[in-house]
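Here's a quick walk through one protein model, spot by spot. Have the viewer open as you read.

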Amino acid sequence: MIDFNRYKEILDTLTRNKTRSFLTGFGVFWGIFMLVSLLGGGKGLRELLSATFKGFANNSGMFFAMNTTKPYEGLKKGRSWSMSYKDLERVRQQVPEVEMVTPMISRWGSTAVYEDKKASCVFKGLEQSFQGIEAPDIYYGRYLNDIDNLQKRKVCIIGKQVYKTLFPKGGNPCGKDIRVGPVFFKVVGVDYNPGKFNINGRAQESVVVPINVMRDAFAMGDTIHLLCFTVHKGYKVSDVTPKIRTVVARAHHVDPTDERALPAFNMESMFNMMDNLFNGVDFLAWLVGIGTLLAGAIGVSNIMMVTVKERTTEIGIRRAIGATPRNILTQIIAESITLISVAGMSGIVFTVMILQLAEMASTTDGVVNTHYQISFTTAVGAVLFLCVLGVLAGLAPALRAMNIKPVDAMRDE
């Protein structure tokens with residue numbers, strides 16, 4: 001059965017020391033606000049930056065050709081060169097650690113036209129296998145397939161930004177024809193991939209067509225601009241990169257040690273760097289938040305010490321009329337837990353409201369772009385931690401109150 005008189009007595013005691021209780025409670029309130037807001041902000045920042053790489057495989061890498069910086073086999077440095085379609089087969093045959101390899105060709109500064117609407121875009125030629133490098137988020141229609149490439153179908157996938165510019169009224173654009181340069185392409189899909197990472201142009205700003213169609217329509221020959229690959233499970237991209245560079249470089253009479261002539265971009269290292277960064281952010285958030293909470297708990301303990309000293313006579317009288325040490329211990333600890341819990345729960349509610357406002361501010365087209373709210377488990381953990389702090393903060397004052405003897409209390413009076 002709940003002893004309401006006990007809780008009324010606790011609240012009356014805290015009310016008599018309004019200023020002290022407020023200042024101490026504010027310390028706990030601020031501590032929980034710091035902890036929860038830092039955790040929620042760190043989660044939102046992680047999600048925001050992760051969206052930059054959304055869709056990219058974390059076991060992928062890519063190569064692109066630049067001017068040579070070292071002489072090799074009698075050829076001078078500074079020579080320009082380009083990768084070819086044959087390099088794909090060379091990598092497949094000579095580097096068994098590679099799971100998949102796929103090409104990309106692109107044209108910057110292109111314009112997509114539909115009726116009287118125009119949209120600046122990056123024009124890309126890809127194979128179906130490129131989905132293994134950057135997964136599309138198909139909103140309408142479908143992605144490219146192998147038959148599109150084999151039969152050289154003039155079809156395309158348009159990015160979200162291109163779609164909204166060419167079709168401002170919305171609706172399914174599949175089956176409609178758009179023009180890029182002198183060539184018309186039938187829209188078969190809309191890619192809503194929100195990734196902001198720029199690999200020869202962002203997905204939102206791209207018009208993607210079968211690579212064989214682009215090679216023929218724009219006379220691009222055997223050249224490829226990017227050689228993209230993924231590695232088998234158990235292998236690291238950083239370990240496979242030198243092998244691929246050697247295979248491709250030797251085929252084009254480029255020094256295999258000339259990393260500037262054939263630079264590599266390692267998505268695996270980018271993901272690892274992000275994970276390490278946000279693990280550090282989470283650790284810092286917990287460190288600062290718990291430190292602030294501990295400071296608040298120390299304040300509660302000091303307030304309770306002062307309260308016990310002021311109530312020496314009261315406690316002595318209670319002992320004289322039969323109160324046991326356990327009654328005194330329970331009373332002081334309950335007061336400490338109540339003060340910390342009320343302040344802490346108020347801090348959690350206030351912070352959750354602030355994080356909810358932050359989520360609402362990041363909403364676009366009715367979709368929340370970034371989630372700042374903490375998990376239910378984190379909230380429960382914070383409450384349990386507050387209760388433990390309440391017990392620890394009230395323990396020393398409670399032990400002091402237990403040792404007060406009735407005779408000493410009367411003498412102080």
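## A buried alanine in a loop

Let's start with A261, which sits in the loop between α7 and β12 (264-266). Keep in mind that this is a predicted model. Is A261 buried or exposed? Its relative accessibility is 0%, so A261 counts as buried, the cut-off being under 20%.

What does A261 touch, leaving aside residues up to four places away in sequence? The list is F64, A65, M66, N67, T68, W81 and V254. S80 is another residue to look at here: 181 residues separate it from A261 in sequence, yet the two C-alpha atoms are 8.8 Å apart in space.

## The chain as a whole

Zooming out, the protein chain has 12 helices and 14 strands. Of its 413 residues, 46% are buried.

Now take the contacts in the chain with a separation of 6 or more: 77% of them come from residues 24 or more positions apart.

## Where α3 meets α7

The next stop is a pair of helices. Two packed helices are described by the angle between their axes and the distance between the axes. For α3 (residues 86-94) and α7 (residues 237-251), the packing angle is about 135° and the axes are 10 Å apart.

Which residues make the contact? From α3 come D87, R90, V91 and Q94, and they meet I244, V247, V248 and A251 of α7. Sorted by class, that's five nonpolar residues, one polar and two charged.

## Aromatic rings

On to the rings. Searching the whole structure turns up nine aromatic pairs. One of them is Y139 with Y192, a stacked pair with 4.2 Å from centre to centre and 10° between the planes. Y139 belongs to strand β5 (residues 138-141), while Y192 is in the loop between β8 (183-191) and β9 (206-210), so this pair ties together parts that are 53 residues apart in sequence.

Y192 has a relative accessible area of 17%, so it counts as buried. Both tyrosines also belong to a cluster linked by ring pairs, made up of Y114, Y139, Y140, Y163, F167 and Y192.

How values were computed: Residues numbered from 1 in each chain as written. Predicted model: local features only at pLDDT ≥ 70, side-chain atom pairs only at ≥ 80, totals over all residues. Heavy atoms only, no water. Axes fitted to C-alpha atoms, helices over the stretch in contact; angles between N-to-C directions. Helix = DSSP H or I, 4+ residues; strand = E, 2+ residues; numbered from the N terminus. Contact = heavy atoms within 4.5 Å. Nonpolar A, V, L, I, M, F, W, Y, C, P; charged D, E, K, R; others polar. Phe/Tyr/Trp six-rings, centres within 6.5 Å; stacked < 30°, edge-to-face > 60°. Buried < 20%, exposed > 50% of the residue type's maximum accessible area, 1.4 Å probe, protein only.
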